[in-house]
Amino acid sequence: MSCPETALSDGGIPRGREYLATVVKCLDKSWQGYFRRAKLRFGPPDVRYVDDPHGTQCGVPLDGVDALYCHTTRTLVFTLTGRWIEGRTDLYPFKVAAHEYAHHLQTLTGVRRAYEARHRAEPRRRAELRRRFELQADCLAGVFMGSVYGSLARTGKDWAALKDAVRASGDEDGHSSHGKGATRVSWLERGRRTLTPSACDTWSAEASKVS
């Protein structure tokens, strides 16, 4: 489908909110169509924009948080300040929105419920299970981005720049929650290349693929 971007490199908080609202509208329309074809029940998430990144949302401190998905209220939360969005010219904010939206899809389809059950039952595998959960969201983000990429007026260099940004966001500091940078890029690229959610089965992937 078509999903033209709005400008983001200047304009401050109002421009950032407009940009994200446009992306979320595209996400709603795209995934609603997919769910309809798959004969699955769909409902769009609520969206909350936060100008001042202090305090908490959904019990999560916002300091240092770009965006999050609150599954208890089915709400996307975006902070409108910080390096992740202010003055950006690349596709990183677009990808962050698509990733958090993917968590909503995981909630709608029961993936989150199954993940949480395994998380409780297999305490020794919790870090690995968390990575599988997050990497699936990266892959689903890639599926969406690949499906609309032709309408973004972007080039191959833009996709390469996004992969560099995603690689830099990996778990390279010993903290293991989302996967190493190269692993995150691999699943994002898998989604973009295949354009099908069925390619995002991180749960049966070898351990080396979800490091």
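Visitor: How many of the 23 residues of α4 are buried?

Guide: Of the 23 residues of α4, 19 are buried, so this helix is largely enclosed by the rest of the structure. Buried means under 20% relative accessible area, exposed over 50%, and partly exposed in between (1.4 Å probe, protein chains only). Please keep in mind that this is a predicted model, where local features need pLDDT of at least 70 and side-chain atom pairs pLDDT 80 or more, while totals for chains, interfaces and linings use all residues. Residues are numbered from 1 along each chain as its sequence is written, and side-chain values use heavy atoms, without hydrogens and water.

From its first C-alpha to its last, α4 reaches 34 Å, close to the 33 Å expected at 1.5 Å a residue; the expected span is 1.5 Å times one less than the number of residues. Helices (H or I, at least four residues) and strands (E, at least two) are DSSP runs, numbered from the N terminus.

Where do the buried side chains go?

Leaving out residues up to four places away in sequence, L20 touches Y49, F78, L80, W84, I85, P93 and A97; contact means heavy atoms within 4.5 Å.

A97, one of the residues touched by L20, lies in helix α2. With a relative accessible area of 0%, A97 is buried. Apart from neighbours within four places in sequence, A97 is in contact with L20, V23, L27 and F78. F78 is 19 residues from A97 in sequence, yet their C-alpha atoms are 8.2 Å apart in space.

Now look at α2 as a whole. Its 18 residues should span 26 Å at 1.5 Å a residue, and its end C-alpha atoms are 26 Å apart, which agrees. Because 16 of those 18 residues are buried, α2 is largely enclosed by the rest of the structure. Just after α2, G110 has a positive phi of about 90 degrees.

The partner to notice here is α1. The axes of α1 and α2 come within 10 Å and cross at roughly 40 degrees. On the α1 side the contact includes Y19, L20, V23 and W31, and on the α2 side it includes P93, F94, A97 and Y101. By type, the contact residues divide into 14 nonpolar, one polar and one charged.

Finally, visit two loops. K39, in the loop between α1 and β1 (46-50), has a positive phi near 60 degrees although this residue is not glycine. At 78% relative accessibility, K39 counts as exposed. R74, in the loop between β4 and β5, has a positive phi near 50 degrees, and is likewise a residue other than glycine. At 40% relative accessibility, R74 counts as partly exposed.

Notes. Axes fitted to C-alpha atoms, helices over the stretch in contact; angles between N-to-C directions. Nonpolar A, V, L, I, M, F, W, Y, C, P; charged D, E, K, R; others polar.
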